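Good morning, everyone, and thank you for making time for this. Please have the sequence and the structure open while I talk, and follow along as I go from one part to the next.

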Amino acid sequence: MSPQGETSRQALVRMYHVSKSYLPGAYALRDVNLSIGKGELIFLTGPSGAGKTTLLRLLFAAEKPSEGSIIIGGRNIARLSDSAVPTLRRRIGVVFQDFKLLQRRTVEENVGLALAVRGEPPRQVRSRAFRMLKQVGLQHRRHHAPVSLSGGEQQRVAIARALVGEPELLLADEPTGNLDPELTLEIMDLIAAAAARGTTVVVATHDHSLVERYARRVLHLQAGELAEAGP
Amino acid sequence: MTSLWRALYFVRTAIDGLRSNPVTSAVAVGTIATTLVVMGVFGLALKQMSGIVDRVGQDLTVSAYLAHRLDDEAVRELATRVSTVEGVASVEVVTRDEALRRFEGAAGDRAGLLDGLVENPLPASLEIALASEERTEAGIARLVEAIEGLPGIDEIGHGQEWVDTYGRVLDGLRGVAAALGLVFALAALLIVSNTIRLAVYARRDEIEILALVGASRGFIGTPFLLEGVLQGTAGSLLALAVLWAGFELVTALLGATLAFLIGHGDPVFFDAPEIFAFVLAGAGLGCVGSLSAVGSAWRAA
């Protein structure tokens, strides 16, 4: 079986017969095949426990598949050594439902973290973080602690941190799960804008209104198995 | 520039880590300090005892008793010959008259016992001082072997047995101190690594986020190692302060008794190289103790 969702674009991500099981015979993902083109925005849907988060964790190498191959940018990350994981993650931005911001650091420091770990000089880190915060409309809050920001603002900071390093791939795991409908659209617009600039984006969500509104390719997971849906 | 910035980042993060976890940091510092105080007390006791052996060693001479038949000229020749033996620092000739005078001096009130003697019964002797590196059982044995067959030497005597016994006791104490030191060091390592593990656990979110944005193992782990070094250094300085205060107190209260116990000379504290080694040991203890915690942190991330 060939990867589902073969598009006319050049593929950035390909998964071949990927399975993940934590206990013998109990699969979190089973025989997943898919292809995601460069600059594509796709939605990953499915009920809780369907395997959405597991699939994303495999993509940013938080876990290794039990079987199969995951090719990102021509490299099989299923065989990646632990020491090579940081290099891969610098090419991937990740956004979570719970933001995952460092509360002891300022907004600007949180955004700059993705650049600091690469060894970029502090001045450059600050300058790029500021530009990124400007893009998400939070430059005036750069010296604040994340805890003083609203949920929507914190998620914008998380998106800024995920995008500041200009990743090829942006993974968002229920990025609007904690937000009201108005903020949800605000956040999704930022994510869609990243895709428009050429970043490949995978958004895991169970919010069908979002899927309908943005009318992009949908990969539906059910009990660890993948079925392509619309549009 | 990047390296400099990284170094500054690591130092800043390590200090932030210590500030944000004052209780666990204080426990780690206290643990290291307590361990080093106990080891330091042993070290200081051994240092005083080593001093006694050194001083006894300085006074240690080998006496070669000479045959009565030797005249002064022959004695001088023999002394010259012995002084050329390897390991000999100096040779002093003690004539029969000098030996008698010394005996009378040592006998004190009972010197009158010698009045009945027609002739001085004491032999002339050579008092042979050894070079400091030769003041050992083996060194003395080599000297005895070299001179015992020389014509004119009747008997050889020295106080080596006492020194050897004392040296063996000292070696035994050093062994006990080393074993205890090892046990304490291992206990400290366990406690230090566990306290740092607590700090790591408290900051697991930070570690997870750093790993998420592509931080390397070194980037995540180095601040924790630095924290260990800082805690170890602080612990060793605290231990030194406690030891110094205790040393001053004990010497002030028991100065005369101590002077008697360790012979002539005052009790001495650690010298500069020993203090440096002490601080280094504390820093190393903290560093090694945090290594295992850092390994856990990385695996968790």
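This is a predicted model: local features need pLDDT of at least 70, side-chain atom pairs count only at pLDDT 80 or more; totals for chains, interfaces and linings use all residues.

Let me begin with chain B, which is divided into domain 1, made of 2-56 + 164-300, and domain 2, covering 61-158. The centres of these two domains of chain B, taken over C-alpha atoms, are separated by 51 Å.

Now please turn to chain A and find helix α4, residues 122-135, which has 14 residues and reaches 20 Å from its first C-alpha to its last, close to the 20 Å expected at 1.5 Å a residue. Which residues of α4(A) are buried? They are Val125(A), Arg128(A), Ala129(A), Met132(A) and Leu133(A). If you look down the axis of α4(A), these buried residues fall within an arc of 140°, and therefore they line one face of the helix.

What covers the buried residues of α4(A)? The cover includes α3 (107-116) and α5 (151-163) of chain A. After α4(A) comes Gly137(A), whose phi is positive, near 75°.

Let us stay with α5(A), and ask how its axis lies relative to that of helix α6, residues 181-196, of chain A. The two axes come within 10 Å and cross at roughly 10°. Since angles under 35 degrees count as roughly parallel, α5(A) is roughly parallel to α6(A). On the α5(A) side the contact is made by Gly152(A), Gln155(A), Arg156(A), Ile159(A) and Leu163(A), while α6(A) contributes Leu183(A), Glu186(A), Ile187(A), Leu190(A), Ile191(A) and Ala194(A).

Finally, I would like to point out two backbone angles in chain A. His17(A), although it is not a glycine, has a positive phi of about 50°; this residue is found in strand β1, residues 11-23, and is partly exposed, with a relative accessible area of 36%. Glu166(A), also a residue other than glycine, has a positive phi near 50°, and is found in the loop between α5 and β7 (169-173) of chain A. Is Glu166(A) buried or exposed? At 64% relative accessibility, Glu166(A) counts as exposed.

Conventions
Residues are numbered from 1 along each chain as its sequence is written. Chains are lettered from A and ligands numbered from 1 in the order in which they are written. Side-chain values use heavy atoms; hydrogens and water are left out. Helices (H or I, at least four residues) and strands (E, at least two) are DSSP runs, numbered from the N terminus. The expected span of a helix is 1.5 Å times one less than its number of residues. Buried means under 20% relative accessible area, exposed over 50%, partly exposed in between (1.4 Å probe, protein chains only). The arc is that of the directions from the helix axis to the C-beta atoms. Contact means heavy atoms within 4.5 Å. Domain bounds come from an automatic or database domain assignment. Axes are lines fitted to C-alpha atoms, for helices over the stretch in contact, and angles run from 0 to 180 degrees between N-to-C directions. Angles under 35 degrees count as roughly parallel, over 145 as roughly antiparallel, 65 to 115 as roughly perpendicular and the rest as oblique.
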